[in-house]
Amino acid sequence: MTHTNSLVLTVAERIDDLGDIMRLTLKGEGDLPPFAAGAHIDVQVETPEGPIWRQYSLCGEPGKSDAYHLGILRDPESRGGSVTLHDLMRAGEKLHAEGPRNHFPLAEGATRSILFGGGIGVTPMLAMAWELHRKGQAFTLHYATRSADRTAFLDVIKAAPFRDHIVLHHDDGEGAAPINLARDLPAAEPGCHVYVCGPQGFMDWIISAAECAGYASNVIHREYFSADVDAHGESFEVFCAQSGIAVTVGPDDTIAKSLVKAGIKIDVKCEEGICGTCVTDVLEGEIDHRDKFLTEEEREEGDQICACCSRARGARLVLDI
Ligand code: FES
């Protein structure tokens with residue numbers, strides 16, 4: 001079971017960067033829990049409807065425990081967490097957070113790493129670049145944005161000791177060529193790993209190109225910031241083996257919400273199948289996976305479900321709760 005640190009963080013600095021990205025430097029009372037490249041923290045955001053949790057990658061240098069660094073895109077199309085943080089966060093403000101957690105670690109034993117960060121998806125890649133640089137491993141970070149005037153973190157990149165490993169790309173082609181996967185994705189070779197983070201279309205494009213180029217699924221690493229998850233479907237029954245309680249999950253309900261109504265609490269954070277907080281063991285029944293969190297191997301094993309969005313394929317699921 002993952003140990004969770006509960007943190008109270010203070011905004012030490014806010015930088016409003018290009019591309020509607022706010023950069024925060026967060027400090028604790030003393031040293032903060034260490035984190036590895038790819039880790040994120042869960043941040044609690046107060047909204048008029050109550051607190052919600054959002055996940056933000058740590059983009060600073062792993063191993064440094066004096067501060068956490070986040071980059072947060074103001075996204076009016078999202079469910080409100082980022083806009084609220086942009087509106088509220090100033091130096092001196094406090095944030096409640098949990099973590100760090102890492103669902104996107106660097107692979108052990110890689111001989112070469114190709115990192116693709118689209119827009120705000122560059123944040124975990126910056127921490128990975130620090131780690132790969134420290135280890136002296138071969139890597140290239142491809143950082144794609146719409147245009148030069150939407151490209152955040154340029155000062156960080158210019159000052160980084162690994163800046164020569166970073167290739168900028170702009171979709172409009174002004175000042176930097178767009179990503180060209182025929183050129184930028186090397187042929188698959190043993191020990192070469194691909195990492196991708198960014199908007200869903202960007203990720204799907206890179207992942208399918210890597211698969212076509214012969215990369216096995218276990219060397220294509222991905223982290224979704226958000227997902228268009230459709231959690232609707234036919235009604236089914238969920239039986240909770242430990243408590244003996246059965247609930248019906250209606251077409252517009254989720255397992256997690258139906259269980260809460262029956263008095264059984266399942267921890268939920270992202271509510272869109274990307275963070276893994278709600279993963280629950282399944283004892284019986286076939287799962288209709290709707291999440292982006294579980295790996296193909298975990299899906300095939302069929303004994304875990306993301307209760308915030310996934311459903312039953314048949315009439316009944318038995319959960320180990
Ligand atoms: S709450 Fe994040 S995956 Fe379910």
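Student: How many salt bridges does a search of the whole structure find?
Tutor: This is a predicted model. Side chains of opposite charge can pair when their charged atoms come close. Searching the whole structure for salt bridges gives a total of 20.

Student: Is Asp288 buried or exposed?
Tutor: Asp288 meets the side chain of Arg290 in a salt bridge, at 3.0 Å from N to O. Arg290 is partly exposed at 23% relative accessibility. The cut-off for buried is under 20%. Asp288 has a relative accessible area of 14%, so it is buried.

Student: How many residues apart in sequence are the parts that Arg313 and Asp288 tie together?
Tutor: Arg313 forms a salt bridge with Asp288, with the closest N and O atoms 4.0 Å apart. Arg313 lies in the loop between β17 and β18, while Asp288 is in strand β15, so the pair ties together parts separated in sequence by 25 residues.

Student: Which strands stand at the edges of the open sheet of 6 strands?
Tutor: The order is β4-β3-β6-β1-β2-β5, with antiparallel pairing. An edge strand has a single partner, so one side of it is left without a neighbour in the sheet. Neighbouring strands here are turned by 40° against each other on average, direction ignored. The edge strands are β4 (50–57) and β5 (68–73).

Student: Which residue in β4 is the bridge partner of Val43?
Tutor: Strand β3 spans residues 40–47 and pairs with β4 in the antiparallel sense over 8 bridges. Val43 falls within that span of β3. Its bridge partner in β4 is Arg54.

Student: Which residues of α5 are buried?
Tutor: Helix α5 covers residues 200–212 and reaches 18 Å from its first C-alpha to its last. Seen down the axis, the buried residues fall within an arc of 120°, so they line one face. The face turned away carries the exposed residues Gly201 and Cys212. The buried ones are Phe202, Met203, Ile206, Ile207 and Ala210.

Student: How many of the 7 residues of β7 are buried?
Tutor: β7 is among the elements that cover the buried residues of α5. It also pairs in the parallel sense with β8, over 7 bridges. β7 is largely enclosed by the rest of the structure, because the number of its residues that are buried is 6.

Student: What is the bridge partner of Phe116 in β10?
Tutor: Strands of a sheet pair through backbone hydrogen bonds, either parallel or antiparallel. β7 and β10 run parallel and are joined by 6 bridges. In β10, the partner of Phe116 is Val196.

Technical notes. Residues are numbered from 1 along each chain as its sequence is written. This is a predicted model: local features need pLDDT of at least 70, side-chain atom pairs count only at pLDDT 80 or more; totals for chains, interfaces and linings use all residues. Side-chain values use heavy atoms; hydrogens and water are left out. Helices (H or I, at least four residues) and strands (E, at least two) are DSSP runs, numbered from the N terminus. The expected span of a helix is 1.5 Å times one less than its number of residues. Buried means under 20% relative accessible area, exposed over 50%, partly exposed in between (1.4 Å probe, protein chains only). The arc is that of the directions from the helix axis to the C-beta atoms. Contact means heavy atoms within 4.5 Å. Two strands pair if DSSP finds at least two bridges between them. Axes are lines fitted to C-alpha atoms, for helices over the stretch in contact, and angles run from 0 to 180 degrees between N-to-C directions.
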